[in-house]
Amino acid sequence: MKKLRCAIYTRKSSEDGLEQEFNSLDAQREACAAYITSQKHEGWVLLPEHYDDGGLSGGSLDRPALKKLLQDIQDGLVDQIIVYKIDRLTRSLADFSRIVDTLDAAGASFVSVTQSFNTATSMGRLTLNMLLSFAQFEREVTAERIRDKIAASKRRGLWMGGSVPLGYDADGRTLKINEGEAKTIRALYDLYEQHGTVRGVKVAADQRGLRTKQRLTADGEQKGGGTFDRGHIHHVLTNPVYAGRIRHKALVHAGQHGAIIDQDRWDRIQQQLQRGAAKGRVRKTAKQRSLLCGKLFDETGDRLTPSHSRTKAGVRLRYYVSHRLIKKSGEGRRDGWRLPARELEIKAAVLMRQNLNDMTFIGRLVPDRSAEEIKTHHSILQKLCTDQDIRDVLDLVARIDLCPGTLTIKMDCVQFAAVIKSNADEIDQEQKIITAPFQLRKRGVETKLVLEEASGDVDETLIRNIARAHLWFEQIKVGRSLSDIAKAEGTTNGRMYQLIDLAFLAPDIIRDVLDGNQPLGFTSDWCVRHAMPSNWKDQRALIKTL
């Protein structure tokens with residue numbers, strides 16, 4: 001007789017009662033074990049491994065014990081899952097479909113002790129789908145009922161839990177004013193009326209030594225008590241709870257707790273904050289002049305046209321785009337250039353300044369001049385190059401040609417002669433051209449141009465994360481656990497898992513990062529999203545594709 005290896009899976013949505021000696025998980029397991037014993041004549045054998053998820057919802061598959069169980073099924077260690085009820089495994093039809101696919105691929109099945117069916121038969125699957133539909137319906141109705149209860153309670157002005165705001169202490173279903181903390185809240189509002197900006201409040205709050213609320217976590221750890229950042233200050237200034245009200249989504253209701261800031265003053269500060277935000281948006285979205293408009297051309301002779309897009313926050317992003325991509329948009333994939341405008345303008349200005357600061361370049365450009373005259377021209381151009389505004393430098397550009405691997409700048413002789421107070425006819429036409437090699441880096445639809453002269457951008461964040469990964473790895477080698485290291489470093493286990501691969505980078509890759517010669521796309525964010533091969537040769541091949 002073939003043996004069927006049976007694994008019992010138990011789950012409980014809340015943590016209530018799990019501390020008891022005999023809890024709901026034990027009751028489920030006992031019932032399932034008794035059922036397996038009753039099927040001993042069919043060859044059923046109970047596996048000793050426990051798969052218990054306490055305090056986890058059935059609306060998601062993100063459960064440690066369930067993940068381990070499904071992995072054991074894929075590894076061929078389990079033939080049959082035994083549960084007390086179907087909804088202990090999942091309450092989602094979509095999730096159940098994925099579980100059934102895993103079971104089918106491994107030749108395993110699923111049995112519910114209190115519901116007489118199993119997934120080995122078509123009738124069992126039909127019955128199961130019907131029960132799951134009701135289980136999901138029950139879950140959604142329960143969620144709606146909870147949401148409605150919270151909304152109704154907030155309409156009555158009740159406090160429905162969460163992090164207690166600075167200035168208050170929890171008092172059942174309401175809040176009571178903590179006079180010590182309330183002084184901090186009033187001070188922040190006073191400072192905003194005095195300075196008119198959140199940034200100014202931040203500086204003044206630090207000078208006064210104002211501190212955030214101190215909280216005690218469930219494991220007894222002390223949190224908070226630090227300085228305010230600008231985001232926290234803005235949250236305090238816009239939180240209606242300090243005016244004696246309760247917010248629920250887009251609605252604000254009168255609360256049953258006392259107000260720290262009177263209503264009229266709070267409303268007045270909201271208007272002031274909105275006016276300040278509107279000014280900031282105007283500054284961010286103000287139209288900017290495209291300094292190289294009409295001067296950029298690609299290898300086909302096509303002009304690069306100024307274009308722009310807007311982020312969700314309303315910020316205007318400028319580009320230079322090959323004219324054919326705009327003229328014939330929607331006609332399928334076409335080759336062309338799409339370069340960030342501000343970045344290209346700055347790099348062209350850097351290249352111009354490098355040459356204008358070189359006295360030998362000026363001597364070649366304006367020949368037959370005395371050393372004194374060259375020195376005078378150089379001092380004029382040096383002053384132009386030290387100006388923070390790059391417009392005057394780019395006014396000297398007549399045309400920029402982009403070819404794969406080479407950027408060519410042709411200077412405007414008339415403009416250049418006017419700056420150095422000379423005659424345009426005296427300028428050597430063959431010397432007015434500046435060329436520089438560059439590399440192209442692709443990121444999505446955007447092409448980034450990297451001048452060799454402007455390379456060497458050091459990614460401080462990536463360097464810092466590589467150093468942290470090496471430090472963590474050294475601590476792991478001496479026996480410290482990830483949890484201990486994470487707690488000492490003020491980070492999480494998940495963040496450590498994301499970055500620890502950086503400790504195994506090839507030495508030449510690390511050297512390139514330190515020198516700023518790594519590929520443009522090789523960043524900390526990229527490393528978090530992609531698994532890094534352990535083999536150094538594979539690492540180099542992967543990074544070369546960026």
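I took a patch to consist of residues with over 30% relative accessible area and no salt bridge, like charges being joined within 9 Å and nonpolar side chains (Val, Leu, Ile, Met, Phe, Trp, Tyr) within 5 Å. A salt bridge was a side-chain nitrogen of Lys or Arg within 4 Å of a carboxyl oxygen of Asp or Glu.

The model is predicted: local features need pLDDT of at least 70, side-chain atom pairs count only at pLDDT 80 or more, and totals for chains, interfaces and linings use all residues. Residues are numbered from 1 along each chain as its sequence is written, and side-chain values use heavy atoms, with hydrogens and water left out.

Entry 1, charge. I looked up a negatively charged surface patch and found Glu21, Asp26, Glu30 and Asp52 in it. I located Asp52 in strand 3, residues 51–54 (strands are DSSP E runs of at least two residues, helices H or I runs of at least four, numbered from the N terminus). Asp52 is partly exposed at 31% relative accessible area (buried is under 20%, exposed over 50%, partly exposed in between; 1.4 Å probe, protein chains only).

I placed Glu49 in the loop between strand 2 (44–46) and strand 3. Glu49 is partly exposed, at 35% relative accessibility. From Tyr9, Glu49 is 40 residues away in sequence and 9.8 Å away in space, C-alpha to C-alpha.

Gly209 follows helix 7 with a positive phi, near 80°.

Note on methods
Areas by Shrake-Rupley, 256 points an atom, 1.4 Å probe, with all protein chains shown as cover. Lys, Arg positive; Asp, Glu negative; His and termini not counted. Charge placed at Lys NZ, Arg CZ, Asp CG, Glu CD.
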